[in-house]
Amino acid sequence: MLPRVIVYNAVSLDGRIDWFTPDVGLFYELAATWQEDATLAGSETLLTAEDQTAPEEELAEAPEPQPDDQRPLLVVVDSRARVRHWDYWKRQPYWRGVIVLCSRATPAEYLRLLQEHRIPCIVAGDDHVSLRPALEELNAHYGVQTVRVDSGGTLNGALLRAGLVDEVSVLLHPVLVGGTSPRSFYRAPDLTSAQGLISLKLIHQERLENDVLWLRYQVVKPSEGA
Ligand SMILES: NC(=O)c1ccc[n+]([C@@H]2O[C@H](COP(=O)([O-])OP(=O)(O)OC[C@H]3O[C@@H](n4cnc5c(N)ncnc54)[C@H](OP(=O)(O)O)[C@@H]3O)[C@@H](O)[C@H]2O)c1
């Protein structure tokens, strides 16, 4: 079975995720809405966020996972073996554990590194991670029922194009960025037909501080009709 997948981003009015400074406190306060079992992140998002200079001795001890631990798992898509600073991520207090999604193209050396860190790895797909079976395995083996995607446009794009997203939620900031670089929260090859459009149904709207709008949309699956 597939878990329920929510894509959630802080965006400008033109759908971009760069240049402006989102209200991060508000972003994560609202992120708690979904009580996700797993936070799914792209490798680029992790590399952007991690403090690679943090000395080992200054990192807090990872809180021991408890049997009734309610914190989500951190699940990272990283078939290219890019994220290396696993001590840093394992010691973040927001997650009870880490799982990495790899493909058959992931170097064996990286799988060994994950093993040394005692990080479970799901291998799915030949080149990139095949997201559908990876999500099914998260559900079957780790009981993951709800996934909140905390990522940029690339992973969002792969999930959306694969029809794996149930909800798209944005914190719409009152700012326009402009530009021609592909830094929107949904990056994917241009459509070749309108059949690729994803229809949405507005399920929640709320005006928050500083004219930020919170919009939640249910993805209308093709079988449900537009
Ligand atoms: N504003 C917000 O709400 C928000 C939230 C989170 C992040 N961000 C920002 O977003 C930026 C990063 O975004 P990004 O779009 O560059 O990168 P990203 O989405 O974080 O990372 C790209 C991910 O997509 C995976 N991928 C690419 N094509 C795929 C495919 N066909 N099938 C399966 N997986 C695929 C890659 O996997 P491999 O590693 O296996 O190649 C990689 O893990 C950062 O600057 C971050 O700060 C903004």
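Which helices and strand each supply at least two residues of the shell around the ligand? Before I answer, a word on the source. This is a predicted model, in which local features need pLDDT of at least 70, side-chain atom pairs count only at pLDDT 80 or more, and totals for chains, interfaces and linings use all residues. Residues are numbered from 1 along each chain as its sequence is written, and side-chain values use heavy atoms, with hydrogens and water left out.

The answer is strand 1 (4–12), helix 2 (43–49) and helix 6 (153–161). Helices here are DSSP runs of H or I with at least four residues, and strands are runs of E with at least two, numbered from the N terminus.

Let us turn to the ligand. There are 24 residues around it, and Ala10, Thr45, Val77, Ser79 and Thr154 come nearest; a residue counts as near if one of its heavy atoms lies within 4 Å. The shell consists of eight nonpolar, eleven polar and five charged residues. In this scheme Ala, Val, Leu, Ile, Met, Phe, Trp, Tyr, Cys and Pro are nonpolar, Asp, Glu, Lys and Arg are charged, and the others, Gly among them, are polar.

Next, the individual atoms. A polar backbone atom of Val77 is 2.8 Å from an oxygen atom of the ligand. For Gly152, a backbone N or O atom lies 3.4 Å from a ligand oxygen. In Arg183, a side-chain N or O atom is 3.4 Å from an oxygen atom of the ligand. Such polar contacts are pairs of N or O atoms within 3.5 Å.

I close with the aromatic residues. Tyr8, Phe27, Tyr28, Trp34 and Trp214 form one aromatic cluster. Rings of Phe, Tyr and Trp (its six-membered ring) pair if their centres lie within 6.5 Å; planes under 30 degrees apart are stacked, over 60 edge-to-face, and the rest tilted. The count comes to seven aromatic pairs. One of them, Tyr8 with Trp34, is tilted, at 4.9 Å centre to centre and 55° between the planes. Tyr8 lies in strand 1 and Trp34 in the loop between helix 1 and strand 2 (38–42), so the pair ties together parts 26 residues apart in sequence.

Terms used
Polar contact = N/O pair within 3.5 Å; in protein donor to acceptor, adjacent residues only side chain to side chain.
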